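This report describes the salt bridges of one protein structure. Please look at the sequence and the model before reading on.

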Amino acid sequence: MKFVKYTLLIVLTILITGCTSMKMSDFKDTRPVFIPKDYFKGDLKAYGIVKDMGGKIIKSFKADMHGSWDKNGVGTLDEKFVYSDGTKQTRIWTLTPQKDGTYIGTASDIVGDAVLSSLGNTVMMDYTMRVPYGSGTLDINVKDWLHLQEDGIIINHSKMKKFGFTVGELVITIIKQ
């Protein structure tokens with residue numbers, strides 16, 4: 001009986017300590033270097049899926065995006081989504097550069113500020129999004145990981161969480177036009 005308890009304890013310890021999450025430093029030496037101001041300029045096309053908490057695909061979408069930057073380095077990313085159920089959505093991000101190399105992102109459905117960091121071939125955005133839910137809204141925490149590939153395509157995966165629990169995921173491919 002003691003053997004079973006110790007074995008179970010060892011397995012649980014390995015599972016808990018072995019489940020580390022990604023961090024920006026993991027991408028320090030990756031190439032090509034992802035420079036948001038360069039990539040998010042001009043027209044982009046995106047294709048994606050939305051998954052529920054169990055991993056089931058509940059929607060797909062495509063988006064037309066257009067990015068521009070002013071003389072002060074402030075970016076605007078205009079995103080127009082069309083979902084598989086026919087709904088349409090527009091989100092306009094304003095990306096303001098900070099002295100430390102990050103950007104602060106704002107949009108109408110973002111609660112507070114989004115923080116955008118880049119290192120190597122990766123950009124990570126961390127923010128709270130207000131989404132429709134029933135007859136009201138729900139604030140969910142989102143962590144977007146965007147990875148620039150050698151051919152200029154971005155692979156984006158996002159976790160959506162509420163109270164620390166994953167409630168959904170996004171998988172998106174972004175192609176510069």
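## Terms and model

A residue is called buried when its relative accessible area is under 20%, exposed when it is over 50%, and partly exposed in between. The model discussed here is predicted. A search of the whole structure finds 8 salt bridges.

## Asp64 and Lys45

Asp64 and Lys45 form a salt bridge, and their closest N and O atoms are 2.7 Å apart. Lys45 belongs to strand E1 (residues 42-52) and Asp64 to strand E2 (residues 57-69), so this pair ties together parts that are 19 residues apart in sequence.

Asp64 has a relative accessible area of 43%, so Asp64 is partly exposed. Lys45 is also partly exposed, with a relative accessibility of 22%.

A salt bridge joins Glu79 to Arg91, with 3.5 Å between the closest N and O atoms. Glu79 is in strand E3 (residues 75-83) and Arg91 is in strand E4 (residues 88-97), so the pair ties together parts that are 12 residues apart in sequence.

Are these two residues buried or exposed? Glu79 is buried, at a relative accessible area of 9%, and Arg91 is buried at 8%. Glu79 and Arg91 also belong to a network of salt bridges that includes Asp109.

## Arg130 and Asp139

The side chains of Arg130 and Asp139 meet in a salt bridge, with an N to O distance of 2.7 Å. Arg130 counts as partly exposed, at 40% relative accessibility. Asp139 is partly exposed, with a relative accessible area of 23%.

Definitions and conventions: Residues are numbered from 1 along each chain as its sequence is written. This is a predicted model: local features need pLDDT of at least 70, side-chain atom pairs count only at pLDDT 80 or more; totals for chains, interfaces and linings use all residues. Side-chain values use heavy atoms; hydrogens and water are left out. A salt bridge is a side-chain nitrogen of Lys or Arg within 4 Å of a carboxyl oxygen of Asp or Glu. Helices (H or I, at least four residues) and strands (E, at least two) are DSSP runs, numbered from the N terminus. Buried means under 20% relative accessible area, exposed over 50%, partly exposed in between (1.4 Å probe, protein chains only).
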